[in-house]
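Good morning, colleagues. Please have the display open as I speak.

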Amino acid sequence: MPANQGLSVTHQLQPHDWSNEQTAAYEAAIEAVNGAVGAYSALLAAEEAKPQPDAEVVQAARAARARLAREREALRSTDPEQIAAARGHYAELARQVREGRA
């Protein structure tokens, strides 16, 4: 039988205490990334609804969503500087995409 005896990897995780502020900041960063993903999804849907969608726009929007998913997974709740930077960056990115500037 494997060394973990059928236990999931979550049993191997060390405890991590979060303050309410850390929890809120991390969740806000995740939501900021999700907002950017949503902006790209809306752009993609609008482009695909056109009679002749621009293949480059479609490809770029799909690539951006995939990149954002990877970046969201890379967020570390234990890195307050990363979380603070992410909140601002992704909120601004979502605005830029919605306004056609990204």
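Predicted model: local features only at pLDDT ≥ 70, side-chain atom pairs only at ≥ 80, totals over all residues.

Let me begin with a question: which residues in helix 2 meet which residues in helix 3? From helix 2 they are R67, L68, E71 and A74, and from helix 3 they are Q82, Y90 and L93. By class, this contact of helix 2 with helix 3 divides into 4 nonpolar, 1 polar and 2 charged residues.

The protein has 3 helices and 0 strands, and along the sequence the pattern reads α-α-α. Of its 102 residues, 23% count as buried. Among contacts with a separation of 6 or more, 64% are between residues 24 or more positions apart.

I return to the pair with which I opened. Helix 2, residues 55–74, packs against helix 3 at an angle of about 160°, and their axes are 12 Å apart. An angle over 145 degrees counts as roughly antiparallel, and helix 2 is therefore roughly antiparallel to helix 3. Helix 2 passes helix 3 in a left-handed crossing.

Next, helix 1 and helix 2. The axes of helix 1 and helix 2 come within 9 Å and cross at roughly 165°; these two helices are therefore roughly antiparallel to each other. Helix 1 passes helix 2 in a left-handed crossing. On the helix 1 side, the contact is made by I30, V33, N34, A36, V37, Y40, S41, L43, L44, E47 and E48. On the helix 2 side, V57, V58, A61, R62, A64, R65, L68 and R72 take part. By class, the contact of helix 1 with helix 2 has 12 nonpolar, 2 polar and 5 charged residues.

The crossing of helix 1 and helix 3 is left-handed. Helix 1 contributes A25, Y26, A28, A29, A32, V33, G35, A36, A39, Y40 and L43 to the contact. Helix 3 contributes I83, A86, R87, Y90, A91, L93, A94, V97 and R98. The residues of this contact of helix 1 with helix 3 divide into 17 nonpolar, 1 polar and 2 charged.

I now turn to two individual residues of helix 1. E47 lies in helix 1. Is E47 buried or exposed? Its relative accessible area is 6%, and E47 is therefore buried, the cut-off being under 20%. The side chain of E47 is joined to that of K50 by a polar contact of 2.9 Å. Leaving aside neighbours within four places in sequence, E47 is in contact with Q52, P53, D54, V57 and V58.

The second residue is A42, which also has its place in helix 1. A42 has a relative accessible area of 48% and is therefore partly exposed. How far apart are the C-alpha atoms of A42 and R98? They are separated by 8.3 Å, although the two residues are 56 residues apart along the chain.

That concludes the presentation, and I welcome discussion.

Technical notes:
Residues numbered from 1 in each chain as written. Heavy atoms only, no water. Left-handed = near helix turned anticlockwise from the far one by under 90°. Helix = DSSP H or I, 4+ residues; strand = E, 2+ residues; numbered from the N terminus. Contact = heavy atoms within 4.5 Å. Nonpolar A, V, L, I, M, F, W, Y, C, P; charged D, E, K, R; others polar. Axes fitted to C-alpha atoms, helices over the stretch in contact; angles between N-to-C directions. Parallel < 35°, antiparallel > 145°, perpendicular 65-115°, else oblique. Buried < 20%, exposed > 50% of the residue type's maximum accessible area, 1.4 Å probe, protein only. Polar contact = N/O pair within 3.5 Å; in protein donor to acceptor, adjacent residues only side chain to side chain.
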